[in-house]
Amino acid sequence: RDRTRPSVVYRHMLQALARVAVSGLGAGATLDPDSRRPAARRTPEASRARSSRAGSSVAVRASGGGAAHSGIVEESVVHGSSLASVGISTRKKSVISEPPGTDARPLSERIGIQGVHHVAVIVHDLAASMEFYRDFLGLPVNPDRPNDKLPYDGAWLMMGPEMVHLMELPNPDPTDAEFRPAHGGKDRHFCIGVKNLAPLTEALEARGVPFTASRSGRPAIFFRDPDCNTLEVVEGLEWRDKSSPRFVAR
């Protein structure tokens, strides 16, 4: 009997397994030591987008044309100096192919966006919120928006040409500041543009309302209403100033 045959067969088996492994992994892939199955390829962009702590799951597309993936984006990525600087494309992704001859403009231009109509915040006690928004901040009530058409109490107040809608409803978010971020810039918020920020900071200090400055260095502050809803107020928004070279007429 030929004693060399088993070693020849074994060598052929190893060669066949090696070919299967190489074809299954492809260039740049690794083998998962636990499952012995090909592990997902990880690009530098994907590695930067992973985070060991909780965050928001968002779709990230590498600016170099890499495949999109979902993952936890680090805070430094979201709040960096620019999206392009961290490899996230600012170009819109085409989802639906439009038939030939149709309007190829972005949907925002086709519908003619005019601006933000209003923001809505949930409050526990409408009277207490009116004392804060109407009496303290001085926002005038819009009499053309009666609340009797809705099945809950509320009020519409003007913020320049836009409005804030106070809605007295059960709040799904924590209303205790202990369970919210210490800095309002890391929480859900809406922003109001003003020409002069100093009178507001003086009034907040006199009332005992804590506030924090913007971490970006802009002249802006964050503070909370009685229900822990966050307001940002920023000074000097050029896009509202028609005399500024940055103003773009629509």
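Colleague: How many bridges join strand 3 to strand 5, and do the two run parallel or antiparallel?

Modeller: Strands of a sheet pair through backbone hydrogen bonds, in either a parallel or an antiparallel way. Here, strand 3 and strand 5 run parallel and are joined by six bridges. Two strands count as paired if DSSP finds at least two bridges between them. Helices (H or I, at least four residues) and strands (E, at least two) are DSSP runs, numbered from the N terminus. One example of a bridge is Ile122, whose partner in strand 5 is Met167.

Before we go on, some ground rules. This is a predicted model, where local features need pLDDT of at least 70 and side-chain atom pairs count only at pLDDT 80 or more, while totals for chains, interfaces and linings use all residues. Residues are numbered from 1 along each chain as its sequence is written, and side-chain values use heavy atoms, with hydrogens and water left out.

Colleague: Got it. How many helices and strands does the protein have?

Modeller: The secondary structure comes to six helices and nine strands.

Colleague: And what is the order of the open sheet of three strands?

Modeller: That order is 3-5-4, with mixed pairing. Strand 3 and strand 4 are the edge strands, each pairing on one side only. From one strand to the next, the twist averages 20°; for such angles, axes are lines fitted to C-alpha atoms (for helices, over the stretch in contact), and the angles run from 0 to 180 degrees between N-to-C directions. Helix 5 packs on this sheet and touches strand 3, strand 4 and strand 5. Contact means heavy atoms within 4.5 Å. The direction of helix 5 makes about 10° with that of strand 4.

Colleague: In which sense do strand 4 and strand 5 run?

Modeller: Antiparallel, with six bridges joining them. Met158, for instance, has Met163 in strand 5 as its bridge partner. The hairpin they form has two residues between the strands, and there Gly160 takes a positive phi near 70°.

Colleague: Is strand 5 mostly covered or uncovered?

Modeller: Mostly covered: six of its seven residues are buried. Buried means under 20% relative accessible area, exposed means over 50%, and partly exposed is in between (1.4 Å probe, protein chains only). Across the protein, buried residues make up 24% of the 250 residues.

Colleague: Which residues in the largest nonpolar core touch the most other members?

Modeller: A nonpolar core is a set of buried Ala, Val, Leu, Ile, Met, Phe, Trp, Tyr and Cys residues joined through side-chain atoms within 4.5 Å. The largest one here has 22 residues, and the members touching the most others are Tyr133, Leu157, Val164, Leu166, Phe190 and Phe223. Helix 5 gives the largest share, four residues. The core also draws at least three residues from each of domain 1 (115-172) and domain 2 (173-249); those bounds come from an automatic or database domain assignment.

Colleague: What is Phe190 in contact with?

Modeller: Leaving aside neighbours within four places in sequence, its contacts include Val119, Tyr133, Val164 and Leu231.

Colleague: Then where is Leu231 found, and is it buried or exposed?

Modeller: Leu231 is found in strand 9 and is buried, with a relative accessible area of 1%. Its C-alpha atom is separated by 5.5 Å from that of His189, 42 residues apart along the chain. Not counting residues up to four places away in sequence, Leu231 touches Tyr133, Ile192 and Phe223, among others.

Colleague: Last one: how many disulfides does a search of the whole structure find?

Modeller: A disulfide is a covalent bond between the sulfur atoms of two cysteines. The search looks for a pair of cysteine sulfur atoms within 2.5 Å, and it finds zero disulfides. As for cysteines, Cys191 is partly exposed at 39% relative accessible area, while Cys228 is buried at 6%.
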